[in-house]
Amino acid sequence: MDKKFIELDDNVLDQILKSETDLRNYSQQVESDLKHHENLDVEKYIKSGDQIVTLHKHLNHCENVLEHTESVLYTFQEELQNITNEITRLQQRSIFMAQQLCNRQSVKGLMHQFIEDVIVSETLISVITTCSVTDEKFSTHLSVLNYKILFVDEQNFKDVKSQNDVKDVYEKLKITATSKIRHFIMEQINKFKKPTTNYHIPQNTLFEYKFLFEFLLNHDSISAQEIYNDYVDTLSKVYFTYFKSYLTYLQKLQFEEAATKDDLLAVEDPTSRTLFQKSMKKNTVFTIGNRATVLNEIDNSIIIPHQNNLTNLSFEAIFRSVQYALVDNACREYKFDCEFFKVDQPTAQGLFSKIMGKTLTLLIKHLEHFVENCYDALALFLCGQLSMRYQALCQNRLVPVLAQYWDTILAMIGTRFRFILERHIQSVKDYDISKFNKEKKPHFIMRRYAELVSAIVSFSENNKCEPELICSLTEEVLGFVLRLATMFRTRKDRLIFLINNYDLVLRILMERVRDSSFEVDRFKEELSARSKDYVDEVLQVYFGGMMKFVTDAENGQDIDSDSRQLGLTKTFTSTWKMSLEEINKEILPSFPNLTTGASLLQLAFSQLIDYYHRFQKALLASNKVQLPNIHVIMIEIKKYKTNY
């Protein structure tokens, strides 16, 4: 029952219970009401009977209409299903036909390309058989022929029957082309053999038509190998003959006078030599002069003997020209071999060795002959520097084939160069100092040392040319000049001799050596120490008493003796001007280099001012007033200042 009715009944029941009504009577009353209402409803239904019948008829009619509609819809659904199936079938047929069309078009394109690749045109036959190999048409059609031959050969492996129809034609064209190419290349190689021919011209021609040899490599290996062997044999002879003749011509222009085993640092020139020979030896053995210009001319044109009236060439100038000719030809040949013969780097190395091997051996033997008899350290040094520069040049050009050659050259030169330096060192050790004439001017060995070492240090790459031997030579020379100094009786003369020699060496080194070096620092140190000693020695003669007094005062000794102080002040006051004059007269003439003499004079006066200032501090106040003012002394010193 509905919740509302339950609640209502509950309320009615509650009222009944509260009113104490008899339930049986109440039940009869309710039943009577229900019967009444039922009768009312029956009457209403009877009255509506016609309408109900009509409604029933309408319902039956609607049911029939719905059944018909359902039947129509079922029929339409079946027709739609048939249409869908037909559309699907047509779509599948369309896809299949499109695929067939695509396949036919693909086959058509492949067939067209295949026919184009296989067919032999009349133009191709005509050009290959009639045109010259240097004709542009021939090169163009040769590429076409090369492609077609390779294509037909490929079809042979695929068992394509149609290639048999054109195979013979292509074979004949290939034979014709290879024959013409072989004849042309052999003709160019034969041009190398003519004595007056510039071999660069036929080589340039071959390089221009390098594709011809590539065609031979692909289709006629026998002819290609024949050309390869003929080229190697011909160029090997050409290079060997060229460099042999070139060396012969240049040797006629070389200095006839050469350094000997007696041209050492500590060996004097024999008196039997002429003035010309002495001058030449001086300019070639120890002094580099203009010889170093070859280092700035590594890529200059080579020396051409018959076009230049040249004589008296140094060996390093000849060496530069020969090596540059080698580098230029070797780089050219290596790149030609790689491009023309289509070889990789290891194979190119072997090919290059076959072509240039005899020539390299010739050049090594020529240098070896020179080195074995060479006593010119500068010539070897310059040749070594040139070799390193050419080695770097080959590396920059990406040409590695001369690497072993440069290693051999540098090892040969380096061994002999070290041998000569060791002989120079030994000659200084063995020098008989009893031959020394005790002149205080710079010794000839010091000048030779300065010229030789400055050249080696200034022009060597990174100042790393035999640094240990150069240091040993420097220390030996320093010891040598000290031994010579012991021949003088007085300490002052020894110091003048040392300063003159140190100054000479240092001036030459600083003119040539741009950066600081061990040699420069070493001689600066020695010159500074000896200059101070010399200045003290000079001042000691004229102001020894004052200097002794200052030393005693600074060492804490008793200096309060008034008579000693008074005597020193009177002596200084009466003699200082004359002493300055005497010092000037003594120092300046003692040194050939006026700049050195002037600097030592100023150093002496500076040292004097320093002693004088310290002297004043040590004196008693009563004695200071007798001394001249320090500014007066400085004004007097300025009179001796020079402009150099």
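These are my notebook entries on what I looked up in this structure.

**Entry 1: the model and its confidence**

I started with the reminder that this is a predicted model. The average pLDDT of the protein is 85, and 87% of the residues score at least 70. I then asked which helix has the lowest confidence and which the highest. Helix α10, residues 275–286, is lowest with a mean of 50, while α14 is highest at 94.

I also marked two stretches to read with care. Over residues 1–8, pLDDT stays under 50, and the model has two contacts there beyond four places in sequence. Residues 271–282 also stay under 50, and for them the model has 17 contacts beyond four places in sequence.

**Entry 2: the whole protein**

Of the 644 residues in the protein, 40% are buried. For contacts with a separation of 6 or more, I found that 76% join residues 24 or more positions apart. The protein exposes about 37,800 Å², with carbon and sulfur atoms supplying 53% of that area.

Next I picked out helix α15, which covers residues 444–459. Its 16 residues reach 23 Å from first C-alpha to last, close to the expected 22 Å. Is this helix mostly covered or mostly open? I found it mostly covered, with 12 of the 16 residues buried. Among the buried ones are Arg448 and Glu451, along with Ile445, Tyr449, Ala450 and Ser454.

I then went to Ile508, which lies in helix α17 (residues 491–512). I noted a relative accessible area of 6% for Ile508, so this residue is buried. Which residues does Ile508 touch, leaving aside those up to four places away in sequence? I listed Arg447, Ala450, Glu451 and Ser454. Ile508 and Ala450 are 58 residues apart in sequence, yet their C-alpha atoms are 6.1 Å apart in space.

**Entry 3: aromatic rings**

I counted aromatic pairs and got 33. The one I wrote up joins Tyr534 and Phe591: the ring centres are 5.3 Å apart and the planes stand at 85°, which is over the 60 degrees needed, so I logged the pair as edge-to-face. Tyr534 belongs to helix α18 (residues 518–554) and Phe591 to the loop between α19 (562–587) and α20 (594–618), so the pair ties together parts 57 residues apart in sequence. Both Tyr534 and Phe591 are buried.

I also found a cluster linked by ring pairs: Phe192, Phe207, Phe213, Tyr228, Tyr231, Phe336, Phe340 and Phe341.

**Entry 4: positive phi in two loops**

I checked backbone angles and stopped at Leu398, where phi is near 60°, a positive value in a residue other than glycine. Leu398 sits in the loop between α13 (377–396) and α14 (403–429). Is Leu398 buried or exposed? The relative accessible area is 68%, so I wrote Leu398 down as exposed.

Lys438 has a positive phi near 60° too, and this residue is likewise not glycine. I placed Lys438 in the loop between α14 and α15. With a relative accessible area of 45%, Lys438 is partly exposed.

How values were computed: Residues numbered from 1 in each chain as written. Predicted model: local features only at pLDDT ≥ 70, side-chain atom pairs only at ≥ 80, totals over all residues. Heavy atoms only, no water. Buried < 20%, exposed > 50% of the residue type's maximum accessible area, 1.4 Å probe, protein only. Contact = heavy atoms within 4.5 Å. Areas by Shrake-Rupley, 256 points an atom, 1.4 Å probe, with all protein chains shown as cover. Helix = DSSP H or I, 4+ residues; strand = E, 2+ residues; numbered from the N terminus. Expected span 1.5 Å × (residues − 1). Phe/Tyr/Trp six-rings, centres within 6.5 Å; stacked < 30°, edge-to-face > 60°. pLDDT = per-residue confidence, 0-100.
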